[in-house]
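Trainee: I have a model open and would like to learn how to read it. Could we go through a few features together?

Mentor: Gladly, let's bring it up.

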Amino acid sequence: MTSTHLQQRDKAVNWHPYTQMKTANDIVPIVKGKGLYLYDQENKKYMDVVSSWWVTLHGHSHPYIAQRVFEQLNTLEQVIFAGFTHEPAIQLSENLLQLLPDNQEKVFYSDNGSTAVEVALKMCIQYAHNQGKKKTKILAFKNAYHGDTFGAMSVSGKSFWTKPFESMLFEVVFIDTPNSENLEQLKAKIKDHADEAACFIYEPLVQGAAGMLMYEAEDLDNLMKFCREQGLLMIQDEVFTGFGRTGKLFAADHLTEKPDIMCFSKGLTGGTIPMGITTCSDEIYNTFWSDDRHKTLFHGHSFTANPLACAAGLASMELLLEEETQTSIKRITQQHSEFVKVLSSHPHVENARQIGTILAFDCRTGQGTSYFNEVGKQLYHEFLQRGIIMRPLGNVIYLVPPYCITSGELEFVYQNILEVLDQI
Ligand SMILES: *Cc1c(COP(=O)(O)O)cnc(C)c1O
């Protein structure tokens, strides 16, 4: 069977995410993944330097995670999590909480990043409700991305992604990301809304889907401190930044202030099985702790705390904490920071930036920065031809490699970036 055959069968039945199906004639059938590489039917290999939408931590088809999931599959594959519990969920919660800021005390499981955000929002709104208050406004950053379900869309920056649903999204006050100049202005705006606001939700240090926009930990700390003073709950969405991406285990490790709630998914299971987690402080949890059944958090998904996903999460976290992985993260961070210097002096590059294992830059094209920027599509194909999977966000090119990438492989990618840039 040729890949054309698979492409035709695919197009007859499958509707792909974020894809205009009419013009998508180039969807690549993949048959196998191993480490950094994905393989198509002709055994052509592709370097997956976007970690398959930012989820793969230790490379594809990691044998240790596979083994642990297989063992779990043969022991207990699923059990209703209302009224029942199991060792993998208990262990994963214990292990995760140990790594988080010390005010994080309870773990709520769901299915993906968007649901982790939905749970967080519901916790904050009901936190007020359970205390007899009505606080339904929410603060968020412009350009934010928190997922594609309705609550998550509401707190994401307004864009053509959310345009068709705009009238159905709830009320959110959007503020700029902080810098040394606008802090006082942001504080004034927060203060204006603090009384009616249930919470402030943000992507810490990196706004991923908006184009890997970065801002300083010191400025976020300042803003968080002010939110704390104003009695505003904070949701730190670490769905992307968690599990080593920013060079530390969590973006929280760059900060001194602590959020009330945190959201995780993507790298949580090493990118193997979908799962979301929302953690919270006892301060939040205790407003639900009651003899009054109305104060219950009425939320749950069929596969809440699925044992297979928990087993994958445990295995991935073990791998992440190994010295070898930590050394790799430091090495990638170091290599990226050297390459950022090279990029910065390139005539076709603007705003080269990096935090930890995340590297990004804007391609100077004369077309401006837009998701629809045609150059993104051209670059995507150019890199694919070279056996490298990149998925530019408009004219923003970024690398988010799995931690198993070698320095030689990373150099190869850098070299190809420079060659492609010279062609523009
Ligand atoms: C990807 C992402 C989400 C949504 O996660 P899904 O698993 O795709 O629903 C939420 N928040 C951030 C910061 C993300 O990057």
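Trainee: Which residues does S114 touch, not counting residues up to four places away in sequence?

Mentor: In this predicted model, S114 touches H146, G147, D148, T149 and A152. S114 itself lies in helix α5, residues 113-129.

Trainee: Is S114 buried or exposed?

Mentor: Buried means under 20% relative accessible area. S114 has 14% relative accessibility, so it counts as buried.

Trainee: Where does the UniProt annotation "binding site" fall?

Mentor: That record, an unreviewed entry, puts it on G113, S114, D237, H301 and S302. These positions are spread over 190 residues of sequence and also in space, with up to 23.0 Å between C-alpha atoms.

Trainee: What does the side chain of D237 make a polar contact with?

Mentor: Its partner is the side chain of H146, at 2.7 Å. D237 is found in strand β10, residues 233-237, and counts as buried because its relative accessibility is 5%. Beyond its neighbours within four places in sequence, D237 is in contact with residues including V117, Y145, Y202 and C263.

Trainee: How do I read a helix, then? Which residues of α7 are buried?

Mentor: An α-helix has 3.6 residues a turn, so residues three or four places apart point the same way. In α7, residues 183-193, the buried ones are L183, L186, K187, I190 and H193. Down the axis of α7 they fall within an arc of 130°, so they line one face of the helix.

Trainee: What do the buried residues of α7 pack against?

Mentor: They pack against β5, β6, β7 and α8. On the other side of α7, E184, Q185, K191 and D192 are exposed.

Definitions and conventions: Residues numbered from 1 in each chain as written. Predicted model: local features only at pLDDT ≥ 70, side-chain atom pairs only at ≥ 80, totals over all residues. Heavy atoms only, no water. UniProt positions renumbered as here; feature names shortened; annotations may be inferred. Helix = DSSP H or I, 4+ residues; strand = E, 2+ residues; numbered from the N terminus. Buried < 20%, exposed > 50% of the residue type's maximum accessible area, 1.4 Å probe, protein only. Contact = heavy atoms within 4.5 Å. Polar contact = N/O pair within 3.5 Å; in protein donor to acceptor, adjacent residues only side chain to side chain. Arc of directions from axis to C-beta.
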